[in-house]
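Subject: A structure to look through

Dear colleague,

I am handing over the structure below, and after it I set out what was found. Please keep it open beside this message while you read.

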Amino acid sequence: MIYFVFRSIFTTFAKILRYHPMKSYFIVLFSLLLLVSCGGQKTTNTEEEVPADSAVAVADTVAVDSTDVLGNLPMPKAADELFDDFIFNFAASKKLQMERVLFPLKKVNGDKVETIERGQWKIERYFMRQQYYTLLFDSEKQMEVVKDTSVNHAVVEMIYFNTGAVIQHVFNRLRGAWMLTEIETIPISASYNASFLEFFHRFATDAEFQTESLNETIQFEGPDPDDDFSRMDGLISADTWEAFAPELPQKMIYNIVYGQPQKDSSRKLFVMRGIANGFELEMTFQRKDGKWKLTKLTT
């Protein structure tokens, strides 16, 4: 049974890796969760060594439970090169979080400043508990920053539409090692993405407003149903939008800011990627005459 599960997962992995190497972390970690939950079976080849510089440490399925995927295994040194590599390991390992949180951790909410001691820290799994994660960019070129090894500052944002708050986990690379150095809560209105976030929440929850926010024609790019490795493109109009409209998160989304945030721009890319299932969605919005319009849909 486990064999067939992994064969299916890694078939998907091969296709995703071709276009999005970073997503391999999600697939490996998700695979480990499946293995742990499949009856607690032990591996028969226990003497095989894992390379020290492996992209993702492989968990001991006997010692690790389903909430702490990587257990006590050390994080590969290579994972400190890119923030994406680090955060996937950080979210999956309680041990790593205890090592990479700068205690006492500063926590700021308006004028209120507190500190979190080591014994008070609660493990944060970020988007690992759901089936997708989301990102915001200003352009396709900006998306390449995720591969920039010179980035030494990153912020994981948890954007809560129901409370109007953005909880920011601030990470800095200190002496070559990524560390969580501060947690700050700000109102959505204070975010550099404020205009777009307020628009997006209404776009995701109000069907009539969504239709009004469509460009006259929407460029579409997606997989060719007749060829798994080919893509097709065309145009979508408001009349046919219902057949293409994706289901969007309505209560909260995540975002990762790589480096210093840019000033609010007139173009936004909303990216939504599935964890270990190959799902990919990109929506391009353009602000025209003060109003955001959907201009492109990529799946």
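Of the 299 residues of the chain, 46% count as buried, where buried means under 20% relative accessible area, exposed over 50%, and partly exposed in between, with a 1.4 Å probe and protein chains only. Please bear in mind that this is a predicted model, in which local features need pLDDT of at least 70 and side-chain atom pairs count only at pLDDT 80 or more, while totals for chains, interfaces and linings use all residues. Residues are numbered from 1 along each chain as its sequence is written, and side-chain values use heavy atoms, with hydrogens and water left out.

Among contacts between residues at least 6 apart in sequence, 60% join residues at least 24 apart, a contact being heavy atoms within 4.5 Å.

Next comes the sheet. Six strands form an open sheet in the order β3-β10-β11-β12-β7-β8, with mixed pairing, and two strands are said to pair if DSSP finds at least two bridges between them. Because β3 (132-137) and β8 (227-237) each have a single partner strand, they stand at the edges, and one side of each is left without a neighbour in the sheet. On average, neighbouring strands of this sheet are turned by 20 degrees against each other, direction ignored. Within it, β7 (residues 214-224) and β12 (residues 291-298) pair in the parallel sense over four bridges, and E221 stands opposite T298 in β12. Helix α5 (residues 194-205) lies across β3, β10 (267-274), β11 (280-288) and β12, and runs at about 120 degrees to β11; such angles run from 0 to 180 degrees between N-to-C directions, with axes fitted to C-alpha atoms, for helices over the stretch in contact.

Which residues have the most contacts inside the largest nonpolar core? They are F83, F90, Y126 and F171, in a core of 38 residues; a nonpolar core is a set of buried Ala, Val, Leu, Ile, Met, Phe, Trp, Tyr and Cys residues joined through side-chain atoms within 4.5 Å. The largest share of this core, six residues, comes from α3. Apart from it lies another core, of 28 residues, among them I186, F196, A204 and I236.

Finally, the search of the whole structure finds 24 aromatic pairs, meaning rings of Phe, Tyr and Trp (its six-membered ring) whose centres lie within 6.5 Å, with planes under 30 degrees apart counted as stacked, over 60 as edge-to-face and the rest as tilted. F161 and F200 form a tilted pair, 6.3 Å centre to centre with 35 degrees between the planes. Since F161 lies in the loop between β4 and β5 (165-174) and F200 in helix α5, the pair ties together parts that are 39 residues apart in sequence. F161 is buried at 9% relative accessibility, and F200 is buried with a relative accessible area of 1%.

With best wishes

Definitions and conventions: Helices (H or I, at least four residues) and strands (E, at least two) are DSSP runs, numbered from the N terminus.
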